[in-house]
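Subject: Structure handover and notes

Hello,

Please find the structure below, with the sequence. My notes on what was found in it follow.

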Amino acid sequence: IVVTGSRISGQHLESRSPDAMMPAPPPPPPPGILPPYYQDVGRDKFNSFAENGFMVVREAPVSTFSIDVDTASYSWVRASLNQNVLPQPASVRTEELVNYFHYDYAPPRTTAQPFSTNVALFPSPWVEGRKLVRIGIKGYSVPQETRPRANLVFLVDTSGSMNHPDKLPLVQRSLNMLLDELGPHDSVAIVTYAGSAGTALEPTPASQKERIRGVIDRLGAGGSTAGAEGIRQAYALAQSNFDPKGVNRVILATDGDFNVGITDLGELKGFVERERSKGVFLSVLGFGMGNYNDALMQTLAQNGNGVAAYIDNVREARKTLVEEAGSNLFTIAKDVKIQVEFNPATVAEYRLIGYETRALNRDDFDNDKVDAGDIGSGHTVTALYEIVPIGGPRANGDLRYSAPVATGAPRGSELGFVKIRYKLPKSDTSRLISTPIDRRMEAKSFAAAPRDARFATAVAGFAELLRGGRHTGSLSYDDVLGIASASRGPDEYGYRSEFLELVRAAKRARSLAQLER
């Protein structure tokens, strides 16, 4: 199932093709030599996680997880491959690669229900006899003229480690881009941290763009990282300018660790959760390599009801903060959870592809106290399940004492049942949407599956190969290229074409182990 003309530092960006803005990857280093741009590779922090395996339906028929709209993993994979290095497997989160792209799902018909669901069923391209189920979500797009007021606080890491072209200078360009997307009634404040934290700009109307831009452009890097104190001051500013009818959000821009002040992850998490309950959310923008603490950034964003993005170049800044400004700032549904119950009369096994770090307990689904992911204006969310129909090629053999399941049971045409819970932004009570997965909707061949479903499958397959390809059979990078090329479709900004180049780059990239030899 798959749930899937800016201004920079006061100067207008030249009109250039997307490819012209992408730096050419450096050549592979000679054996035994580690050039400067590889020195930081492998020093960044990622949480390891066990890859989802196949579950036996008659033993565990229910799968529950929180939706994820983050894209940091995709940008990290790209940054690694642009250095001719394969990304660390722990840095590859399949759902974030899949959800980097927008898909042409039907939008919701009314604002009463903030998103629509789209289910597709089709044969798996990597293991004959298995099938893929795609569930797509499309969020309602809030018109520009009706968007709520935004009360934003930029929390900027200005420590010494940020003194690099792809760190603080890129942060400054990124924030200037976002500033151009704000309306005159929005407000901006700026807090910096390095050794100690301080307010660089009190809450200021976004109409005073030149004043705000001047503060952004004068930021400089130096000192250690008092991140925890910075977060306290940023939230205090957000609360001082709190708008009960608007969007109140802290946007953290950093390259990694907090090494002064509160460093305990649990304490930071608890602080962010308490502020979230007061109506101030947190989003995280990561920059640079060598000091990046992805595990911390993910925890803060997830518990702060915000997105986690990784900005590796100006083009990504434009995508995240200009093209997707609405979806990343304006929430239309919160605590969105998905639960799928598979029918043991028709499905033997299933595997959720990705979402390992978003898994929930079965009883979390109906518990409105349990936090989950949010969907922003116009967001699309995609998730994939691989299923083994009864009689298909299973991954698990029968147990000696397991009871057989009778076929021809009620609802025999159903493979499963999808339930989605969500809350409106200002509500604490969830609503429920449900839909069956009916085998009568199945595409007869992979080629006949919806084009976007095939492209999402290519991206998921690529991610699974980067993670080791445990479940993808004989799938190769060339197979991914073939699927993605045939299903690329409209590509206004060139992101899908860029994906094809990343797959080609992965074919020639070297692993960290090869670099260290």
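The largest cavity is lined by 15 residues, and Val69, Thr71, Glu324, Asn328 and His379 are the ones that lie nearest its centre. Two elements give two or more residues each to this lining, namely strand 12 (308–311) and helix 8 (314–323). The volume of the largest cavity is about 120 Å³. Its lining divides into six nonpolar, seven polar and two charged residues. Please keep in mind that this is a predicted model.

The second largest cavity has a volume of about 70 Å³. Its lining includes Leu178, Ile251, Ser283, Leu285 and Val307. Thr320, Leu321, Ala325, Asn328 and Leu329 also line the second largest cavity. Asn328 therefore needs a look in both places: it lines the second largest cavity by the criterion of an atom within 4 Å of a point, and it is among the residues nearest the centre of the largest cavity. Strand 11 (281–287), helix 8 and helix 9 (325–329) each supply at least two residues of the lining of the second largest cavity. Helix 9 gives the most, with three residues. By class, the lining of the second largest cavity has seven nonpolar and three polar residues, and no charged ones.

The largest pocket holds about 890 Å³ of space. Of the 33 residues that line the largest pocket, Phe281, Lys334, Leu424, Pro425 and Lys426 lie nearest its centre. At least two lining residues come from each of strand 10 (247–254), helix 6 (265–277) and strand 13. The largest share, four residues, is supplied by strand 13. Twelve residues of this pocket lining are nonpolar, nine are polar and twelve are charged.

Strand 13 (residues 331–342) also pairs with strand 17, in the antiparallel sense and over seven bridges. Within that pairing, Glu341 has Phe417 of strand 17 as its bridge partner. Strand 17 (residues 414–423) is mostly covered, with eight of its ten residues buried. Strand 17 is also joined to strand 18 (residues 431–438) by eight bridges, and these two run antiparallel. There, the bridge partner of Glu414 is Asp438 in strand 18.

Helix 7 (residues 294–303) is mostly covered as well, with nine of its ten residues buried. The buried residues are Asp294, Ala295, Leu296, Met297, Gln298, Thr299, Leu300, Ala301 and Asn303. After helix 7 comes Asn305, which has a positive phi, near 55°.

One single residue is worth a separate note. Helix 3 spans residues 168–181. Leaving aside residues up to four places away in sequence, Gln172 touches Ile216, Asp217, Arg218 and Leu219. With Asp217 there is a polar approach too: a polar atom of the Gln172 side chain lies 3.4 Å from the backbone oxygen of Asp217. Val156 is 16 residues from Gln172 in sequence, and their C-alpha atoms are 9.3 Å apart in space.

Regards

Terms used:
Residues numbered from 1 in each chain as written. Predicted model: local features only at pLDDT ≥ 70, side-chain atom pairs only at ≥ 80, totals over all residues. Heavy atoms only, no water. Contact = heavy atoms within 4.5 Å. Polar contact = N/O pair within 3.5 Å; in protein donor to acceptor, adjacent residues only side chain to side chain. Buried < 20%, exposed > 50% of the residue type's maximum accessible area, 1.4 Å probe, protein only. Pairing = 2+ DSSP bridges. 1 Å grid on protein atoms, 1.4 Å probe; cavity = no way out; pocket = protein on both sides within 12 Å on 5 of 7 lines; lining within 4 Å. Points joined across faces, edges and corners; volume = space filled by probe spheres on them. Nonpolar A, V, L, I, M, F, W, Y, C, P; charged D, E, K, R; others polar.
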